[in-house]
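Thanks, everyone, for making the time this morning.

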Amino acid sequence: MRPVSIQTFIEVVYCDDNQPPSLATIRRRCPEIPGAFRDGRRWRIDLDTYFETMERRIRGLPENPQELGLLQDLAEQLQ
């Protein structure tokens, strides 16, 4: 687990963007960001969870391991 601040999250994830999102935009979207959690009043984002989830999404895999198991069972039945 590597929890980071919103500012560090922006610097890491959007390092190649010419116009990265603002702090306010990310703060507003925190409930939707994988790995985001409240640390008292501040938001933190776990980079390990974020990158793992995004990698699964890119591959088209579900985020929930139970859904993945269901899809694998279905694929075996269809073969």
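Before I name any helix, let me say that helices here are DSSP runs of H or I with at least four residues, numbered from the N terminus. Please also keep in mind throughout that this is a predicted model.

With that convention, helix α4 covers residues 65-78, and leucine 78 belongs to it. Leucine 78 has a relative accessible area of 68%, and because anything over 50% is called exposed, this leucine is classed as exposed.

Let me turn to how two of the helices are arranged. Helix α1, residues 6-13, packs with helix α3, residues 47-59, at an angle of about 40 degrees, and their axes are 12 Å apart. As for handedness, the crossing in which α1 passes α3 is right-handed.

In general, side chains of opposite charge can pair when their charged atoms come close. How many salt bridges does a search of the whole structure find? The search gives 6, and I will take some of them in turn.

One of them is between aspartate 48 and arginine 2, whose closest N and O atoms are 2.8 Å apart. Since aspartate 48 sits in helix α3 while arginine 2 is in the segment before β1 (3-4), this pair ties together parts that are 46 residues apart in sequence. Both partners are partly exposed, with aspartate 48 at 31% relative accessibility and arginine 2 at 45%.

Another salt bridge joins the side chains of arginine 29 and glutamate 32, with an N to O distance of 2.9 Å. Arginine 29 has a relative accessible area of 46% and is therefore also partly exposed.

Finally, aspartate 39 forms a salt bridge with arginine 42, where the closest N and O atoms are 3.8 Å apart. Salt bridges with shared partners link Asp39, Arg42 and Arg44 into one network.

Technical notes
Residues are numbered from 1 along each chain as its sequence is written. This is a predicted model: local features need pLDDT of at least 70, side-chain atom pairs count only at pLDDT 80 or more; totals for chains, interfaces and linings use all residues. Side-chain values use heavy atoms; hydrogens and water are left out. Buried means under 20% relative accessible area, exposed over 50%, partly exposed in between (1.4 Å probe, protein chains only). Axes are lines fitted to C-alpha atoms, for helices over the stretch in contact, and angles run from 0 to 180 degrees between N-to-C directions. A crossing is left-handed if the near helix is turned anticlockwise from the far one by less than a right angle, and right-handed if clockwise. A salt bridge is a side-chain nitrogen of Lys or Arg within 4 Å of a carboxyl oxygen of Asp or Glu.
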